[in-house]
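Me: Hi! I'm new to reading structures, could you walk me through this one?

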Amino acid sequence: MKPRSLHVEGLALQAGGLPRTRRLFAGLDFRAEAGERWVVIGPNGAGKSSLLAALAGTFRAAAGTVRLGGSALAEWSTVELATARAWSPQFWFDPFPSTVFETAALAHRRGRAWAFVPQASSEPKVLAVLDRLALGSLRDVDVRILSGGERQRVALATALLQEAPILLLDEPASHLDPAHQRLLLRVLREHADAGGTVVASLHDLNLAWDLASHAVLIDGRGGAFAGTRAQVFDAARLGEVFGVTIEAVAVGGASRFLMADLPSSEPARRDFS
């Protein structure tokens, strides 16, 4: 059975994964289980992308361990790892012409291997995922001419077609308009409800709240805090980390986070790590 949990123990990361660079955070512990939706939030440069890459096994940790289904990432082969987790990075580069269908189909696993040329047997599955993400009408369009939001949805389609239970998504909502943000939430909730695990970095606190069952807050000063959504999304804590005044208000049964500049140019900060 494919593992559906991630266990992070004492994780410490340095900027760029190099030993003499700035410490991003240290001592991070959390366990993401099947059915849970984890969001990673924090200021620019705090280490959100680095954390997602470390969970995927593509970023060197300064200390600590990431375990997938009880085994450290280093114990997994590349192919085995690809069956267990799908990692979608923040940026994509498309140097060659490829249609939306061709790009997405490359991720679809058949049997115990991947084919590097789209096959007819993959077409129904690929088309179903493209339709699910409102990309069906773009199937024959070159990915190089897509808008940012369209290309982001192709990236999500690619991750889903890998058919891995654990989704690691770095800024999956970037460039998405409000309607497609809600579509993203619906798709990720469905993945978790089906027994998968989601870990996604997000900048929009309200979108993050709507997605999360749990969260990791990286403060940008070497600390990180993990817990349930209610524990992490404390308005005072968030305000200290982001350097703005944040108030939580209830709107339609959901929490909304409203922001304003702090009166002083250099806000006093407390260590919540």
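Me: Let's start with Asp142: buried or exposed?

Reply: Asp142 counts as buried, because its relative accessibility is 18%. Buried means under 20% relative accessible area, exposed means over 50%, and partly exposed is in between (1.4 Å probe, protein chains only). This is a predicted model, where local features need pLDDT of at least 70 and side-chain atom pairs count only at pLDDT 80 or more, while totals for chains, interfaces and linings use all residues. Residues are numbered from 1 along each chain as its sequence is written, and side-chain values use heavy atoms, with hydrogens and water left out.

Me: Which side chain does Asp142 meet in a salt bridge?

Reply: That's Arg144, at 2.7 Å from N to O. A salt bridge here is a side-chain nitrogen of Lys or Arg within 4 Å of a carboxyl oxygen of Asp or Glu. Arg144 is at 45% relative accessibility, so Arg144 counts as partly exposed.

Me: How many salt bridges does the structure hold?

Reply: Ten. Some of them join up: Glu123, Arg139 and Asp140 are linked in a network of salt bridges. Arg139 meets Glu123 at 3.6 Å, N to O, and Arg139 also meets Asp140 at 3.5 Å, N to O.

Me: What does the pair of Glu123 and Arg139 tie together?

Reply: Glu123 lies in helix α4 and Arg139 in the loop between α4 and α5, so their bridge ties together parts that are 16 residues apart in sequence. Helices are DSSP runs (H or I, at least four residues), strands are runs of E (at least two), and both are numbered from the N terminus.

Me: And how accessible are those network residues?

Reply: Glu123 is at 30% relative accessibility, so Glu123 counts as partly exposed. Arg139, at 25%, is partly exposed too, whereas Asp140, at 59%, counts as exposed.

Me: OK, helix α4 then. Which of its residues are buried?

Reply: In α4 (residues 123–132), Val126, Val129 and Leu130 are the buried ones. They sit on the same side of α4, because they cover an arc of only 100 degrees around the axis. That arc is taken from the directions from the helix axis to the C-beta atoms.

Me: Why would residues a few places apart point the same way?

Reply: An α-helix has 3.6 residues a turn, so residues three or four places apart point the same way.

Me: What covers the buried side, and what's on the face turned away?

Reply: The cover includes α3 (100–105) and α5 (148–161). The face turned away carries the exposed residues Pro124 and Asp131. After α4 comes Ala134, with a positive phi near 55 degrees.

Me: Switching topic: how many residues are in the largest nonpolar core?

Reply: It has 51 residues, and those with the most contacts inside it include Leu130, Leu133 and Phe233. The largest share, six residues, comes from α5. A nonpolar core is a set of buried Ala, Val, Leu, Ile, Met, Phe, Trp, Tyr and Cys residues joined through side-chain atoms within 4.5 Å. There is also a second, separate core of 32 residues, and Trp38 and Val66 are among them.

Me: What is Leu133 in contact with?

Reply: Leaving aside neighbours within four places in sequence, Leu133 is in contact with Arg153, Leu156, Ala157, Leu160, Leu183 and Val187. Contact means heavy atoms within 4.5 Å.

Me: Last one: what's the strand order in the open sheet?

Reply: The four strands run β2-β1-β4-β5, with antiparallel pairing. The edge strands are β2 (23–32) and β5 (71–72), and each pairs on one side only. Two strands pair if DSSP finds at least two bridges between them. Strand β1 (residues 6–14) and β2 pair over six bridges, and Leu6 stands opposite Ala32 in β2.
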